[in-house]
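My entries follow in the order in which I made them.

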Amino acid sequence: SRHLEWRQGGHLFAVSFLDVVAEGISSVYFIYDPEIEWVRRLSMGRVSAMLEMALAAYLDLPFYYLGYYIEDCPKMRYKGEFGPAELLDHRDWATWRPLSPIILAER
């Protein structure tokens with residue numbers, strides 16, 4: 001596991017917790033300081049995902065895993081905006097389904 005610290009002027013305002021493995025990067029958790037107004041205005045989940053995807057590309061890793069997804073959590077819906085993306089079906093733990101159509105059907 002690794003962490004990516006986000007700082008401005010020496011002030012820590014966010015941290016990405018990542019697993020870096022032979023075939024890619026997995027975003028484990030992301031936290032940020034909601035007390036900072038400019039940070040609160042940004043969609044930090046999207047920003048962190050894009051930076052982590054760029055890191056995977058820089059490290060020449062073929063996969064980026066957006067991390068844990070809870071279908072009923074509105075704060076995680078942004079994950080459906082990145083693609084192509086797949087979701088492992090928890091009913092059989094063997095079938096991968098496209099993520100974006102699931103998200104769009106719920107809106």
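I looked up Val28 first. Val28 counts as partly exposed, because its relative accessibility is 43% and that class lies between buried (under 20% relative accessible area) and exposed (over 50%), with a 1.4 Å probe and protein chains only. Val28 sits in strand S3; strands here are DSSP runs of E with at least two residues, helices are runs of H or I with at least four, and both are numbered from the N terminus.

I noted that the model is predicted, with local features needing pLDDT of at least 70 and side-chain atom pairs pLDDT 80 or more, while totals for chains, interfaces and linings use all residues. Residues are numbered from 1 along each chain as its sequence is written, and side-chain values use heavy atoms, without hydrogens and water.

Next I checked the surface around Val28. Phe17, Val28, Tyr29 and Ile31 make up a nonpolar patch with about 360 Å² of accessible area together. Patch residues have over 30% relative accessible area and no salt bridge, and nonpolar side chains (Val, Leu, Ile, Met, Phe, Trp, Tyr) are joined within 5 Å; a salt bridge is a side-chain nitrogen of Lys or Arg within 4 Å of a carboxyl oxygen of Asp or Glu. Areas come from the Shrake-Rupley method with a 1.4 Å probe, and for residues only the protein chains shown count as cover. Strand S3, residues 24-32, gives the most to this patch, with three residues.

I searched the whole structure for aromatic pairs and found four. Rings of Phe, Tyr and Trp (its six-membered ring) pair if their centres lie within 6.5 Å; planes under 30 degrees apart are stacked, over 60 edge-to-face, the rest tilted. Trp6 and Phe30 are edge-to-face, because their ring centres are 5.6 Å apart and their planes stand at 65°. The pair links distant parts of the chain, with Trp6 in strand S1 (residues 2-8) and Phe30 in strand S3, 24 residues apart. Both Trp6 and Phe30 are buried. One aromatic cluster holds Trp6, Phe13, Phe30, Tyr32 and Trp38.

Last, I recorded the chain as a whole. I counted three helices and six strands, in the order β-β-β-α-α-β-β-β-α from the N terminus.

Key: Patch = residues over 30% accessible without salt bridge, like charges linked within 9 Å, V, L, I, M, F, W, Y side chains within 5 Å.
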